[in-house]
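Try each task before reading its solution.

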Amino acid sequence: RIATMVNAGTRRVTLMRTLIGRHPNAPGEVAVGIGLRCAHDPSTGGMVVTHVLPGGPADLSGHVFVGDELVTVDGMPVKEMHHEDAGVLLSGEANTAVTIELQAT
């Protein structure tokens, strides 16, 4: 994991996707990701971190917190994006890197 400051309050974090358990919407399938959940914030149009899975890559990085706004995933802006679409960007194959940019709120 690599974390850099972009500017005051904004962090860019590179994490390795990993197997994080059973897929919540597809029983029998394994979920791969970085161990966070997001939801759309209608007041800002942004995507907000609502849960950080204990022991997951996001948690272990020490740089991802509930309440952070998710700004980009691999350089793609996620503002106004549906949370399921952002989830697709965050998931992928195990042992592949994803870079997220977060804004402290």
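**Exercise 1.** In which loop does glycine 75 lie?

Glycine 75 sits in the loop between E7 and strand E8 (76-77). Strands here are DSSP runs of at least two residues, and helices (H or I) are runs of at least four, numbered from the N terminus. This is a predicted model, where local features need pLDDT of at least 70, side-chain atom pairs count only at pLDDT 80 or more, and totals for chains, interfaces and linings use all residues. Residues are numbered from 1 along each chain as its sequence is written, and side-chain values use heavy atoms, leaving out hydrogens and water.

**Exercise 2.** Decide whether glycine 75 is buried or exposed.

Take the cut-offs: buried is under 20% relative accessible area, exposed over 50%, partly exposed in between (1.4 Å probe, protein chains only). Glycine 75 has 60% relative accessibility, so it counts as exposed.

**Exercise 3.** Find the strands that pair with E7.

Strands pair if DSSP finds at least two bridges between them. Start with E6: 2 bridges join it to E7, antiparallel. Here valine 48 stands opposite glutamate 69. Next, E9 is joined to E7 by 4 bridges, also antiparallel. Threonine 72 has glutamate 101 as its bridge partner there. Last, E8 pairs with E7 over 2 bridges in the antiparallel sense, and valine 73 partners methionine 76. E7 and E8 form a hairpin with 2 residues between them. In the turn, aspartate 74 has a positive phi of about 50°.

**Exercise 4.** Explain why E7 counts as largely enclosed.

Count its buried residues: 4 of the 5 are buried, so the rest of the structure largely encloses E7.
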